[in-house]
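Subject: Structure for your files

Hello,

The structure we spoke about is below.

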Amino acid sequence: MPADLTPLHHDLTFMSPLSEQRADRLARFVAAGLSEPGALVVDIGCGWGELLLRTLAAAPTARGLGLDLDAEAVAHGTATAAARGLADRVELVAGDAKEHLPDAVDAVICIGASQIWGPAVEEKQPLDYAGALAAIRALVSPGARVVFGDAIWSQEPTAQATAPLTGRPDEFVPLARLVELAVDARFAPVRVHEANQDEWDEFETGFSAAYAHWLATHPTDHPDAQAVRDRARAQREGYFSGYRGYFGMAYLELLAV
Ligand SMILES: C[S@@+](CC[C@H](N)C(=O)[O-])C[C@H]1O[C@@H](n2cnc3c(N)ncnc32)[C@H](O)[C@@H]1O
């Protein structure tokens, strides 16, 4: 892919299907547990840290740590934190989250990043929700607030729905199973919700908008043009003719017990 594609944060507010309204709700849930001065919230797989920064804005004496492999996203988040006057309360670190996690924290945000503790995405294995939930639970004490979000099947997947992903129906679980896995990991669910179709359409089209921007600003016979068109088509068909309506995103507001 050409290096001059616009970064994802150009077209997306979050790197997940998440509306402003749902994000506010999640940020307020976590912030309510951070009233102790200096309380620490970690966002594991934070992307550019938008939800972490909103949480800190709602918790004026808390500190935040965001961890993500994506150095470009982390740099963008660090600049955003400075622009919002949050630089002295937040640190965003580029690297493998497992190598930078503190031993204990007061609250956790982890959205779309369970793969951190499981097999690499390229191995095309079922998502290891239980491993992720256990690792998160080990970081917090009873009463701590955790927002855990990850992919689920919104309905029984068809072969067309699984094909653009790993091809396996057991890659994800339904919402009911995920809630039970959270309970098994010693969490009590406070609220459970799922991204709606508008959030998914906004996310999926925002995810591929960089291809549209690139194609609109380069000649059609540019050496990279066919590769960009192919990538855009694969993304478009995978979603609109494949997993749209099947691939879901669950958000769990949890208390450690
Ligand atoms: C679906 S994105 C979600 C980002 C963010 N939580 C959000 O909702 O906007 C998953 C993120 O996990 C990050 N990630 C994957 N493996 C990681 C690892 N081992 N350590 C840190 N971050 C990782 C990716 O770089 C990516 O930014």
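**What was found**

The chain holds eight helices and seven strands, where helices (H or I, at least four residues) and strands (E, at least two) are DSSP runs numbered from the N terminus. This is a predicted model: local features need pLDDT of at least 70, side-chain atom pairs count only at pLDDT 80 or more, and totals for chains, interfaces and linings use all residues. Residues are numbered from 1 along each chain as its sequence is written, and side-chain values use heavy atoms, with hydrogens and water left out.

Of the 257 residues, 48% count as buried, meaning under 20% relative accessible area with a 1.4 Å probe, protein chains only. The C-alpha trace spans about 60 × 40 × 30 Å along its principal axes.

Helix 3 covers residues 71-83; its 13 residues reach 18 Å from first C-alpha to last, close to the 18 Å expected at 1.5 Å a residue (1.5 Å times one less than the number of residues). Its buried residues are Ala-73, Val-74, Gly-77, Thr-80 and Ala-81. Seen down the axis of helix 3, these fall within an arc of 120°, so they line one face of the helix; the arc is that of the directions from the axis to the C-beta atoms. Their cover includes helix 2 (50-58), strand 2 (63-68) and strand 3 (90-94).

At the N-terminal end, Asp-70 caps helix 3, with a side-chain oxygen 3.1 Å from the backbone nitrogen of Glu-72. After helix 3 comes Gly-85, which has a positive phi near 70°.

Regards

Terms used
Buried means under 20% relative accessible area, exposed over 50%, partly exposed in between (1.4 Å probe, protein chains only). Contact means heavy atoms within 4.5 Å. A polar contact is a pair of N or O atoms within 3.5 Å; within protein, one must be able to donate a hydrogen and the other to accept it, and residues adjacent in sequence count only if both atoms are side-chain atoms.
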